[in-house]
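The following briefing concerns the structure displayed below.

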Amino acid sequence: MIATKPAGFEEIAHTADWSLRVWAPDLAGLLEQAARGMLELSGIRLEAGKRIRRRLTVESTDAEGLLVNFLAELLHLLEQEELAFDQYELAVSENVVKANLEGARVAEHKKEIKAVTYHNLKIVKKGAQVEAELVFDV
Amino acid sequence: MVALSELRRINEFEWEIPSSFRADMRVPVHIFATRDLLEAIAQDKSLDQAVNAATLPGLVGRVLVMPDMHQGYGFPIGGVAATQYPKGVISPGAIGYDINCGVRLLGSQIELDAVARELDELAAALDRHCPSGVGQKGQYRLSNKEMEQVMLDGAQWALKKGFASEADLRRTEEFGRMPGAEPGYVSPRAQSRGQDQLGTLGAGNHFIEVDVVDRVFDEQAAQVMGIAEGSLTLMIHCGSRGFGHQVCTDYVSSFQGAVQRYGIDLPDRELVCAPMDSAEGKAYMGAMHAAANFAFANRQVLAYHARQAFEETLAGRVKNWHLHQVYDIAHNMGKVETHQVEGKAIKVCVHRKGATRAFGPGSPGLPSEYQKIGQPVLVPGSMGTASWVLVGTEGSMQRSFGSSCHGAGRTMSRSKAKQTVRGHELIRELKSQGIHVQAGSLPGLAEEAPQAYKDVDIVVETVVRAGIARKVARLRPVAVVKG
């Protein structure tokens with residue numbers, strides 16, 4: 001799958017929690033794929049009505065921290081405001097992510113993710129892509 | 001991956017990974033398991049996670065893992081690690097996101113035969129009274145001031161509000177309140193997540209279960225606990241909800257910098273930690289205790305509503321429908337306790353992640369009625385199988401930092417469970433076994449199917465034969481509510 005698609009995600013078996021392998025041409029793409037994968041694992045369906053836009057700024061000292069903190073922000077918006085996003089415009093520079101997000105209120109949310117973990121998290125370069133494996137506490 | 005050939009067999013139920021296995025291990029890893037359980041455990045990365053846990057600074061004795069062990073994140077589920085207090089470290093990831101996730105058991109004099117026809121109605125009433133499921137909010141919206149009181153007082157706040165009795169608190173670990181909570185170290189985001197979640201069950205593996213006492217193994221202990229063969233019990237499994245998840249998220253994030261400041265080198269960033277006597281360590285301890293108190297209050301409010309469901313369904317139909325508290329235990333916590341290490345009593349912080357405190361007879365902190373028999377250890381099964389009531393022993397005090405197992409332990413991945421089990425078929429199958437299920441999510445139910453778990457009877461037999469717990473009673477589920 002990785003060889004045939006420039007960006008994407010796939011679920012990896014994990015005994016107790018959920019795990020995703022994510023890949024993309026660059027870090028911004030990786031963050032987007034991770035967000036899409038996380039929402040798919042959660043069984044999110046958006047309302048068809050009004051579209052909602054949000055801007056987020058996330059900081060960390062390294063790329064893995066940016067990935068975890070970005071996803072944690074999305075989880076927060078999901079739980080507290082029942083908002084999720086299907087359009088991502090991300091700019092990553094020097095330990096900061098600036099995100100323009102577009103989505104809607106959540107019509108269906110099947111499964112809960114408690115947290116995004118740092119477990120064995122390392123963003124690695126593989127050929128023309130960057131790749132990471134994420135574990136979510138459920 | 002750790003190969004089984006690299007383990008040293010101590011006896012039929014105990015194994016060791018010596019500290020020479022990897023250069024960065026500070027102590028050995030001691031595993032309580034049969035050969036068969038060990039082979040199941042070796043299918044995932046839990047042994048590697050136990051080896052990683054053995055690298056934490058300030059560890060004393062050995063890292064212990066229980067027979068229900070399975071792969072988690074950072075620290076394995078079923079792991080126990082004690083660090084010297086206060087110079088050793090505390091690691092939020094070695095406690096888990098669901099701080100003070102735990103189990104409460106209520107007993108009754110209700111005979112199963114007397115209510116067999118009401119079980120569907122009872123399950124529906126429990127589902128109605130105890131909100132569960134993804135994103136489900138409770139019926140209480142706490143003010144900032146009330147949140148502070150919950151963080152400081154735990155289940156004792158619930159007593160003041162009329163949700164608890166003195167007898168409930170007396171039979172709760174730490175009497176329902178961890179001293180040392182510091183609301184000032186809890187982020188506004190964590191507090192805001194908790195404000196409308198008190199009295200909610202959540203989703204995932206959390207549940208409320210009505211069981212019948214199937215067999216009593218220790219009549220004296222069962223009598224002290226107020227449970228008897230053929231009578232109903234109620235089990236509640238949940239924790240600190242989004243409040244605790246956020247506290248852990250905040251500190252795993254901020255401790256990423258702490259390990260650099262204190263020169264701590266770790267094999268996994270999820271194990272980040274800080275010395276307990278550092279500013280960072282003290283802050284996390286204060287916040288963790290606040291989250292633990294939220295969880296004690298949460299299980300207490302859920303118990304209050306479960307009692308309402310019993311009253312609504314059974315009052316007037318059976319003579320005595322009341323539920324009394326047997327005990328309430330934490331299985332995701334870091335606690336400062338005194339234990340004997342190499343013949344000396346020392347203060348340590350015992351990290352238990354998916355492991356239950358199992359204090360033996362005569363231990364401090366137990367109510368007087370449990371001083372003789374030891375602390376009740378509550379071991380939930382997996383919906384379709386048994387749950388167990390055990391007690392701690394002198395052996396658990398001497399050999400496992402007063403700890404024992406916490407459940408059956410998963411053996412099948414969630415993705416495989418989803419592929420092989422259909423939620424509606426599982427409900428039908430359980431019904432044919434006399435188990436009434438109320439589930440908020442069918443895919444979620446499928447992930448929690450009994451076949452995804454180890455045999456809880458073998459897990460219990462292992463801790464009993466290893467001498468770190470004693471059997472009191474076996475429970476059989478008759479009604480289950482899952483989010």
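Between the two chains, 30 residues of chain A are in contact with 35 residues of chain B, contact meaning that C-beta atoms, placed from the backbone, lie within 7 Å. The model is predicted: local features need pLDDT of at least 70, side-chain atom pairs count only at pLDDT 80 or more, and totals for chains, interfaces and linings use all residues. Residues are numbered from 1 along each chain as its sequence is written, while chains are lettered from A and ligands numbered from 1 in the order in which they are written.

**Interface of chain A with chain B**

- Helix H2 (63–81) and strand E9 (129–137) of chain A are the elements that give two or more residues to the side of chain A that touches chain B; helices (H or I, at least four residues) and strands (E, at least two) are DSSP runs, numbered from the N terminus.
- H2(A) supplies the largest share of that side, six residues.
- By class, the side of chain A that touches chain B comprises nine nonpolar, 12 polar and nine charged residues; Ala, Val, Leu, Ile, Met, Phe, Trp, Tyr, Cys and Pro count as nonpolar, Asp, Glu, Lys and Arg as charged, and the others, Gly among them, as polar.

**Seven-stranded sheet of chain B**

- An open sheet of mixed pairing is formed by seven strands in the order E1-E2-E3-E4-E5-E13-E12 (chain B); two strands pair if DSSP finds at least two bridges between them.
- Strand E1 (8–11) and strand E12 (332–341) of chain B each have a single partner strand and stand at the edges, so one side of each lacks a neighbour in the sheet.
- Neighbouring strands of this sheet are turned by 30° against each other on average, direction ignored.
- Strand E5 (residues 75–84) and strand E13 (residues 344–353) of chain B pair in the antiparallel sense over six bridges, and Gly79(B) stands opposite Lys353(B) in E13(B).
- Helix H17 (residues 456–465) of chain B packs on the sheet, touching strand E3 (29–32) and strand E4 (59–73) of chain B, and its direction makes about 165° with that of E4(B); axes are lines fitted to C-alpha atoms, for helices over the stretch in contact, and angles run from 0 to 180 degrees between N-to-C directions.
- E3(B) is covered on both faces, with Val29(B) and Ile31(B) buried on one side and His30(B) and Phe32(B) buried on the other; a residue is buried if 20 or more other C-beta atoms lie within 10 Å of its own, exposed if 12 or fewer, and partly exposed in between, with C-beta atoms placed from the backbone.
- Strand E2 (residues 14–17) of chain B runs antiparallel to E3(B) and is joined to it by four bridges, Glu16(B) having His30(B) as bridge partner.
- E3(B) and E4(B) run parallel, joined by three bridges, and Ile31(B) stands opposite Val65(B) in E4(B).

**Helix packing around H11(B)**

- The axes of helix H10 (residues 241–261) and helix H11 (residues 279–314) of chain B come within 9 Å and cross at roughly 170°.
- H10(B) is therefore roughly antiparallel to H11(B); angles under 35 degrees count as roughly parallel, over 145 as roughly antiparallel, 65 to 115 as roughly perpendicular and the rest as oblique.
- The residues making this contact include Val247(B) and Tyr251(B) of H10(B) and Ala287(B) and Ala291(B) of H11(B).
- By class, the contact of H10(B) with H11(B) has 11 nonpolar, three polar and two charged residues.
- Helix H5 (residues 144–153) of chain B packs against H11(B) at an angle of about 95°, with the axes 6 Å apart, and the two helices are therefore roughly perpendicular to each other.
- The contact of H5(B) with H11(B) divides into six nonpolar, one polar and one charged residue.

**Nonpolar core**

- The largest nonpolar core has 213 residues, and among the members that touch the most others are Ala34(A), Val247(B), Ala287(B) and Ala291(B); such a core is a set of buried Ala, Val, Leu, Ile, Met, Phe, Trp, Tyr and Cys residues joined through C-beta atoms within 7 Å.
- H11(B) gives the most to this core, with 19 residues.

**Exposed site in chain A**

- Glu108(A) lies in strand E6 (residues 96–109) of chain A and counts as exposed because it has 11 C-beta neighbours inside 10 Å.
- Glu108(A) and Ile44(A) are 64 residues apart in sequence and 5.5 Å apart in space, C-alpha to C-alpha.
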